[in-house]
Amino acid sequence: MSLNHFGRFPSKCSRPSHTVYYGHGMEKKVDPNSFVQTEMRRASMKLHTRDQSKEGEQKPSKPIPQWEMSPTAVLKFLVDTKLIHTTLDEIAGKAPELKEIYQASDGIRRIDGIERDIKNLMQNYPELELPEPGADALGYSQQLLTLAEESIPGFVCHYYNTHFANAAGGRMIGKFISDKISNGETLNLYKYDDGKKQLEDVRKTIDELANTWDKEDRSRCVEETPNAFKGASTVLQNLR
């Protein structure tokens with residue numbers, strides 16, 4: 001999940017599409033004129049581990065099967081995830097520049113699914129008490145609010161990376177959660193009607209917006225990639 005922006009796009013017919021791997025089994029035809037699929041993606045691959053993607057440049061991390069994933073840990077994860085997605089949705093829904101992106105995101109919004117997951121988890125484990133969002137998640141939420149006021153391109157990096165990570169890598173995490181505490185039932189957080197198409201629709205609207213950015217805006221978007229990955233880790237650390 002990542003975004004990168006530099007220079008102008010070449011003409012639509014300048015180069016043919018080619019196939020690359022996005023990681024987690026998601027093979028895609030890539031438009032070489034796409035800002036998201038070229039510059040943003042390159043920045044993301046620098047931060048992916050080699051067990052996450054064939055093109056990852058970081059050493060493998062702790063294997064997911066070794067993560068805690070207790071009911072308490074998963075509940076904290078869901079509460080923090082809900083906060084981050086609520087913040088992303090509220091910002092995208094209010095910013096005029098992001099109107100088309102917000103509309104294209106209708107199928108990938110996660111709040112309703114997360115709320116159902118929290119309800120189901122607490123019904124299955126009645127001893128659980130609903131926690132408040134963690135300090136790190138609260139800090140990341142505030143970071144997103146501040147960033148959106150300073151730089152829409154920077155915010156877009158976090159927005160796309162978060163959704164892409166959930167739709168791609170999140171499926172692997174979701175499977176282990178389901179196997180451990182949900183009797184194999186997939187969390188609603190990871191259920192999509194047609195996730196690949198829905199995410200592709202969002203990608204195209206981001207590319208259209210990026211076509212209006214200057215070099216500085218594109219650079220700001222790309223430079224936010226490490227912060228987007230760090231923000232995601234504030235939520236995932238609940239499960240490690």
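Predicted model: local features only at pLDDT ≥ 70, side-chain atom pairs only at ≥ 80, totals over all residues.

**Stop 1: helix α7**

Select residues 170-181, which form helix α7. The helix has 12 residues, and from its first C-alpha to its last it reaches 16 Å, close to the 16 Å expected at 1.5 Å a residue. Next, colour its buried residues: Gly 170, Ile 173, Gly 174, Ile 177, Ser 178 and Ile 181. Viewed down the axis of α7, these buried residues fall within an arc of 135°, so they line one face of the helix.

Then move to Asn 183, which follows α7 and has a positive phi, near 55°.

**Stop 2: the largest nonpolar core**

Which residues touch the most other members of the largest nonpolar core? Select Phe 77, Leu 98, Ile 177 and Leu 239; these hold that position among the 56 residues of the core. Helix α2 supplies the largest share of this core, with 10 residues. Ile 177 also belongs to the buried residues of α7.

Centre the view on Leu 98. With residues up to four places away in sequence not counted, Leu 98 touches Ile 91, Ala 92, Ile 152, Phe 155, Val 156 and Leu 209.

**Stop 3: Cys 157 and Cys 221**

The structure holds zero disulfides. Select Cys 157, which is in no disulfide; the nearest cysteine sulfur is that of Cys 221, 4.9 Å away. A disulfide would require the two sulfur atoms to be within 2.5 Å. Are these cysteines buried or exposed? Cys 157 is buried, with a relative accessible area of 0%, and Cys 221 likewise counts as buried at 0% relative accessibility.

**Stop 4: Phe 35 and Trp 213**

There are three aromatic pairs. For one of them, select Phe 35 and Trp 213: the pair is edge-to-face, at 6.0 Å centre to centre and with 90° between the planes. Phe 35 lies in the loop between β2 (27-30) and α1 (36-45), and Trp 213 in the loop between α8 (195-210) and α9 (215-223), so the pair ties together parts that are 178 residues apart in sequence. Both Phe 35 and Trp 213 are buried.

Terms used:
Residues numbered from 1 in each chain as written. Heavy atoms only, no water. Helix = DSSP H or I, 4+ residues; strand = E, 2+ residues; numbered from the N terminus. Expected span 1.5 Å × (residues − 1). Buried < 20%, exposed > 50% of the residue type's maximum accessible area, 1.4 Å probe, protein only. Arc of directions from axis to C-beta. Core = buried A, V, L, I, M, F, W, Y, C linked by side-chain atoms within 4.5 Å. Contact = heavy atoms within 4.5 Å. Phe/Tyr/Trp six-rings, centres within 6.5 Å; stacked < 30°, edge-to-face > 60°.
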